[in-house]
Amino acid sequence: MLIVCPHCWTKNRLPDGRIGEKPTCGRCQAELLPSYPIALGDQTFAHYVGHTELPIVVDFWADWCAPCRMMAPQFVQAAHQMPAVRFAKVDTEQARQISAQYAIRSIPSLILFQGGQEVARHAGVMRAPQLLQWL
């Protein structure tokens, strides 16, 4: 499977059975599948989401949003529990093009991507167990 490194943005080919082995990027040697959410922006979103073959759940948030701040630790907790799903965050104040492209009207908003395509969406706060069940 193809996975984009969240550090240097290089595409890496990884055998399916190696997901649990803490693989590293062939270029920068950084952890390829970190257990924490990565930050995406207008310049990195399309490349990462479009070329990573694992499911990706993206949290669209803003620093001023109290519900977003309440959900942040829940999102991190869920990321630690699902290594086969990539977790990413998009700051809607910084990544205005992506936020507009996906018509983000309320935050926090979660979008699940598979193969670069949106497959599910949820608006509002979720606790980690609810998020894992939604996925």
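How far is the sulfur of Cys 5 from the closest cysteine sulfur, and in which residue does that sulfur sit? Hold that thought for a moment. First, the ground rules.

This is a predicted model, where local features need pLDDT of at least 70 and side-chain atom pairs count only at pLDDT 80 or more, while totals for chains, interfaces and linings use all residues. Residues are numbered from 1 along each chain as its sequence is written, and side-chain values use heavy atoms, with hydrogens and water left out.

Now, the cysteines. A disulfide is a covalent bond between the sulfur atoms of two cysteines. Here the term stands for a pair of cysteine sulfur atoms within 2.5 Å. The search of the whole structure finds 0 disulfides. For Cys 5, the closest cysteine sulfur belongs to Cys 28, and because that sulfur is 3.6 Å away, it is too far for a bond.

Where is Cys 5? Cys 5 sits in the loop between strand S1 (2–4) and strand S2 (11–13). A word on names: helices (H or I, at least four residues) and strands (E, at least two) are DSSP runs, numbered from the N terminus. Is Cys 5 buried or exposed? Buried, at 0% relative accessibility. Buried means under 20% relative accessible area, exposed means over 50%, and partly exposed is in between, with a 1.4 Å probe and protein chains only. Cys 65 is buried too, with a relative accessible area of 4%.

Who touches Cys 5? Contact means heavy atoms within 4.5 Å. Leave aside the neighbours within four places in sequence, and Cys 5 is in contact with Thr 10, Asn 12, Cys 25, Cys 28 and Leu 32. Look also at Tyr 48. Tyr 48 is 43 residues from Cys 5 in sequence, but their C-alpha atoms are 8.1 Å apart in space.

Next, strand S5. Arg 86, Ala 88 and Val 90 point one way from S5. Phe 87, Lys 89 and Asp 91 point the other way.

Which strands pair with S5? Two strands pair if DSSP finds at least two bridges between them. Strand S3 (residues 38–40) pairs with S5 in the parallel sense, over 3 bridges. In that pairing, Leu 40 stands opposite Val 90. S4 pairs with S5 as well, also parallel, over 6 bridges. There, the bridge partner of Asp 59 is Lys 89.

Now the charges. Side chains of opposite charge can pair when their charged atoms come close. A salt bridge is a side-chain nitrogen of Lys or Arg within 4 Å of a carboxyl oxygen of Asp or Glu. How many does the whole structure have? The search finds 4 salt bridges.

Lys 89 and Asp 59 form one of them, at 2.6 Å from N to O. This pair links distant parts of the chain: Lys 89 is in strand S5 (residues 86–91), Asp 59 is in strand S4 (residues 56–61), and they are 30 residues apart. Lys 89 is buried at 17% relative accessible area. Asp 59 is buried at 0%.

Arg 18 forms a salt bridge with Glu 21, with the closest N and O atoms 3.0 Å apart. Arg 18 is partly exposed, at 33%. Glu 93 and Arg 96 also meet in a salt bridge, at 3.2 Å. Glu 93 is partly exposed at 32%, and Arg 96 is exposed at 53%.

Asp 91, in strand S5, is another story. Asp 91 is buried yet has no salt bridge. The nearest side chain of opposite charge is Arg 96, 7.9 Å away. For that count, Lys and Arg are positive, Asp and Glu are negative, and His and the chain ends are not counted. What the side chain of Asp 91 does reach is the backbone nitrogen of Glu 93, at 2.9 Å. Beyond its neighbours within four places in sequence, Asp 91 is in contact with Leu 40, Trp 61 and Ala 62.

Last stop, strand S6 (residues 109–114). S6 is mostly covered, with 5 of its 6 residues buried. S4 and S6 pair in the antiparallel sense over 5 bridges, and Val 57 stands opposite Leu 112. S6 also pairs with strand S7 (residues 117–123), antiparallel, over 6 bridges. Leu 110 stands opposite His 122 there. S6 and S7 form a hairpin with 2 residues between them. In the turn, Gly 115 has a positive phi of about 60°.

Conventions:
Polar contact = N/O pair within 3.5 Å; in protein donor to acceptor, adjacent residues only side chain to side chain.
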